[in-house]
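Open the model in your viewer and keep the selection tool at hand. This tour says what to pick and what is there.

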Amino acid sequence: MLKMTHLQKVYRTHLIETHALRDFSIHVRDGEFVAVTGPSGSGKTTFLNIAGLLEEFTGGEYWLDGVDVRGLDDNARSKLRNEKIGFIFQSFNLIPDLNLFDNVDVPLRYRGFNAAERKRRIDEALTRVGLASRMKHYPSELSGGQQQRVAIARALAGSPRLLMADEPTGNLDSLMARGVMELLEEVNRQGTTIVMVTHDPELAARAQRNVHVIDGQVTDFDEAPKLRDPDAASRGAEAVAANG
Amino acid sequence: MEIRPILSALMRSKVSMILIGLQVALTLAIVCNALFIIGQRLERMDRPSGINESDTFWFGSNGFAPGYEATSVQKADLALLRGMPGVVDAAPTNSLPLSNGGWGEGIGLQPNQKTSTAQTTIYLVDDHGVATLGTQLVAGRNFKPEEVQDITFGDNLRPRVVIVSKALAERLFPGEDAVGRTIYVNEDNATTIIGVVERLQQPWVDSDSIEFATLVPAFMPYGNATRYAVRTEPGRRDEVMKAVEQKLGETNTGRIIGRMRSMEQIRADAYSGDRAMAIILGTVIFALLAITALGIVGMASFWVAQRTRQIGTRRALGATKGDILRYFQTENFIITTLGLVAGAVLAYAFSLWLMQQYQAPRLPWYYVPIGFVCLWLLGQLAVLGPALRASRVPPAVATRSV
């Protein structure tokens, strides 16, 4: 699904070169739930941006669902991003002036679906996150957890192959965080690959595999995916709730 | 086009939309009416006077010496003027088109008619009048030298023959040949029309009957004052003006040569009010358009700055740079269109008010659709800079922490 080999990302100014990622290699297989962890400034967000085609890289290779993304122009990257990737952001990033229906509609319009198809997908996605009855509400009328659920619905509505989650529970209290994590796990069980960036080890423990990044390099990772242990997941959630 | 979600998002921040919409509405209403008024003024200023203006000038001679005899001086002056190098012809005249001063007279088709058939101006000229003014004789003939009367200021005007402008001839004898017909100037004085000129305006640019003029063959000094019109060879007017002033001053030191003005100066003076009005309204239009454009640029720039994260999110969700550009252009199109619809109503209401208050003509319908197109274009141009800036917002902005 996602394969980076010897990836480099260097930020250059006229005075200094900063190596955000160096010799960065990772392979995420179809259907996996991978947590990318590391301290602040380790390169997690740079990895997320490059993996999500939000930013370009300066060296190495990156294959996304069989597509070599090197040399793709901005339009091609936008199209690929829209078709293959669903995003979940720490701050939800819902558009405050649009109701839930229109928020979920945003990526679908860029995809070029007709109105009937968009409506079907929006209904389905909002039903899946349990907010179908509130589609005419605005984000400000929802709790943080509900807003993140809408963001998940928006990410899922286009049926992406990969879900990129950036600290998806970072702005939520423990109860809401638990709900969101359970939803993500359910989405993963239904076949969607998830890459989640987090600095929270408790949260990372719920993923099938952890990749630890320090100073722009992968320092530690589980080669083989763990078999999901629902009890372990539930214990992890309890731990999060207790710590929250 | 994602008009519906953009419109519903706009409805959530109505104040900005209403302010810009109102600005567009007022601009449309004022610009349409101001442009129409400017067009009317320019049309007025563009009316031909019927005489050769580029090579013609006009001046006066005022005798002050004891024993000064204006009639004989006038005849000597004319002989001198006609012989000067560069002069095509010269004629005495009491007034000229655009000069804003002259003689008005009523004309009847019957003697002692209670109400005149037409109000005309009287230009007192000799047999060189038509050639000097350069007006085109389209029917009949010119005056003969023996038809030119010597009259004194204060005498009743009793011409035997006259030449009239075509517009006057048509008013007096619609659809008929006016040459040879009798009209009555000055109550019971029967006069024969011997010629018709293509066009000859009255001296007053605001006159309702500006095209009704009559040439009367007469020398009539105002006391010791006489006036002359001189037409020169093309391109020699200024040079001849100087020579005439010098030569006539030298030939008779008992008078002053003055008020020497080219027809171009006379035209400029006659329409100075119209020109000032056109310039003022033009400035107002320019200022309004500039303020509206700046308002749109300001508002769009503010929105782009305010929504940077939102733009980044849209990019992350699959919007291309073109999608972001189109979003802001569509948003501007919606606001401008709402403003323009209100502006169209305002424009016609303003025109109606001008009609009622100032007897202004009705605003032609096509001004508003043309205004729509211009303001749409202005709005799109104004929003282009901020929209391009928005399209350059990188998608990675979506993942930056607040």
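Predicted model: local features only at pLDDT ≥ 70, side-chain atom pairs only at ≥ 80, totals over all residues.

Step just past helix 1 of chain A to A:Leu53, where phi is positive, about 60°.

Next, a helix pair. Show helix 5 (residues 144-157) and helix 6 (residues 174-189) of chain A. Their axes are 9 Å apart and the packing angle is about 15°. Angles under 35 degrees count as roughly parallel, so helix 5 of chain A and helix 6 of chain A fall in that class. Their crossing is right-handed. On helix 5 of chain A, pick the contact residues A:Gly144, A:Gly145, A:Gln148, A:Arg149, A:Ile152 and A:Leu156. On helix 6 of chain A, pick A:Met176, A:Gly179, A:Val180, A:Leu183 and A:Val187. The contact residues of the two helices comprise six nonpolar, four polar and one charged.

Last stop: where the chains meet. Here 22 residues of chain B contact 26 residues of chain A. On chain B, select helix 1 (3-10), helix 9 (308-316) and helix 10 (321-358); these elements each give two or more residues to the side that touches chain A. Helix 9 of chain B supplies the largest share, five residues. By class, that side of chain B has nine nonpolar, seven polar and six charged residues.

Definitions and conventions. Residues numbered from 1 in each chain as written. Chains lettered and ligands numbered in written order. Axes fitted to C-alpha atoms, helices over the stretch in contact; angles between N-to-C directions. Helix = DSSP H or I, 4+ residues; strand = E, 2+ residues; numbered from the N terminus. Parallel < 35°, antiparallel > 145°, perpendicular 65-115°, else oblique. Left-handed = near helix turned anticlockwise from the far one by under 90°. Contact = placed C-beta atoms within 7 Å. Nonpolar A, V, L, I, M, F, W, Y, C, P; charged D, E, K, R; others polar.
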